[in-house]
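This report covers a predicted model of two chains. Please read it alongside the sequence and coordinates shown here.

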Amino acid sequence: MTEVVIVLIIIAILVALGFGLIGMVKGGKAGSDKMFKSLVLRVSLSVFLFLLVLFAGYMGWIEPNVVMFDAPVAPAPVQK
Amino acid sequence: MSEQEYYIPDGTYWPIIGSIGLTTLFVGFANQMHGAEWGGSVMVLGFAITVFMMFGWFGLVVNESNNGIYNKQVDRSFRWGMSWFIFSEVMFFAAFFGALFYARQLSVPWLGGADNNIFTPDLWNAFSASWHQMAFMAPGSVTDTVLQSGTVMSFPAVPATGIETATPAMVVDPWGLPALNTALLLASGVTLTFAHHALRAGHRNQIVGWLVATIALGVAFLGFQILEYGHAYHDGLKLTSGIYGSTFYMLTGFHGFHVTVGVIMLTVILYRVQKGHFNADNHFGFEGVAWYWHFVDVVWLGLFIFVYWL
């Protein structure tokens, strides 16, 4: 469920960014206003999403993709 | 059509200088890859010519703009040009995110025998169909080696029995540098938005302050990214470390390159703001760079979430 909300917010961010682009291409006072408002929305949603991801991770709603690599140097043989 | 509709610039030598610069750059690069001693120097020369061309050509355009030569038609051309450039950037990163999705969700599980495919353990010595280098063996268990992730990659040749592995070091911790870098880049998006607001309100001193903060945050991001690469590389994650290593460095590397370009562009915009090139109603140069920075910011947010969390 949390993953779905996260993806939906990402889509909303992309849409806001897209509207910002449309405003930029349009130009003039109206375009400039549209661009600025869209980018403010995009920044606000992004900060909210970042905090949501951290909070969800802290609460255990989502698990991080922990990336692990080589064990420290060569493993030592063990007596069985 | 009236003269107002079209702007025909004077002839210029910058395109041919750009062609010479890029050709020199790639000839040098290709020959350096083939081990030619002169390759590196020629590559640097080509890079220098290309940078010279960019200074000259972009400076010419800025001067033409400041001299009031451009009309609304030219303004529209710039805006559409920027939008096509952005479209190519979106497609560029969409391809890499697509590769991440395809490798992680489809090809690696298939190679490991998911769905109707047969398991392919003999595809490569000790092949393991795991996305990350999880290779995590409980102390005391008998195993052959610490496995690398992804598809066909190098494995330390360790005897198959009687070996106990230590718990692998956790290299990329989502709560560490990745989260810090995300916070830095998001903060730069906020400071840039304040700069944008100040520009629209005509407060030049505030624009300078917010822009400097944005550039500083971008540079800090790059610094920490280099630090993270150092950690990851030292602990065994390389471009050759299977599909995970390739995808990780491809995505984050190209993103880092874009942040670098963005920092350079913001620095140029800072210079132009101080020179008084923009006003509250006419500042397309700022808008183009601002949108680019917001895009780079969103790409990183996507990377942070899809690589480290989802």
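## Conventions

The model is predicted: local features require pLDDT of at least 70 and side-chain atom pairs count only at pLDDT 80 or more, while totals for chains, interfaces and linings use all residues. Residues are numbered from 1 along each chain as its sequence is written, and chains are lettered from A and ligands numbered from 1 in the order in which they are written.

Chain A has 2 helices and 1 strand, arranged along the sequence as α-α-β. Helices (H or I, at least four residues) and strands (E, at least two) are DSSP runs, numbered from the N terminus. Of the 80 residues in chain A, 30% are buried; a residue is buried if 20 or more other C-beta atoms lie within 10 Å of its own, exposed if 12 or fewer, and partly exposed in between, with C-beta atoms placed from the backbone. Among contacts in chain A between residues at least 6 apart in sequence, 51% join residues at least 24 apart. Two residues are in contact if their C-beta atoms, placed from the backbone, lie within 7 Å.

Where pLDDT is low, the predicted coordinates should not be read in detail.

## Packing between the chains

Helix α1 (residues 2-26) of chain A packs with helix α7 (residues 284-308) of chain B at an angle of about 170 degrees, the axes being 11 Å apart. Axes are lines fitted to C-alpha atoms, for helices over the stretch in contact, and angles run from 0 to 180 degrees between N-to-C directions. α1(A) is therefore roughly antiparallel to α7(B), a label for angles over 145 degrees. The crossing is left-handed, that is, the near helix is turned anticlockwise from the far one by less than a right angle.

From α1(A), residues including A:Ile6, A:Leu17 and A:Met24 meet residues of α7(B), among them B:Glu287, B:Trp291 and B:Ile305. This contact of α1(A) with α7(B) divides into 10 nonpolar, 3 polar and 1 charged residues. Ala, Val, Leu, Ile, Met, Phe, Trp, Tyr, Cys and Pro count as nonpolar, Asp, Glu, Lys and Arg as charged, and the others, Gly among them, as polar.

## Packing within chain B

Helices α4 (residues 177-201) and α5 (residues 204-234) of chain B pack at about 165 degrees with axes 8 Å apart, so α4(B) and α5(B) are roughly antiparallel. Their crossing is left-handed, and the contact has 19 nonpolar, 7 polar and 1 charged residues.

For α1 (residues 14-33) and α2 (residues 39-66) of chain B, the axes come within 7 Å and cross at roughly 155 degrees. This crossing of α1(B) and α2(B) is also left-handed; the contact holds 15 nonpolar, 11 polar and no charged residues.

## Two residues of chain B

B:Val190 lies in helix α4 of chain B and is partly exposed, with 19 other C-beta atoms within 10 Å. Its C-alpha atom is separated by 8.4 Å from that of B:Thr214, 24 residues apart along the chain.

B:Asn279 is in the loop between α6 (242-274) and α7 of chain B. B:Asn279 is exposed because 11 other C-beta atoms lie within 10 Å. B:Asn279 and B:Gly202 are 77 residues apart in sequence, with a C-alpha to C-alpha distance of 6.7 Å.

Conventions: Angles under 35 degrees count as roughly parallel, over 145 as roughly antiparallel, 65 to 115 as roughly perpendicular and the rest as oblique.
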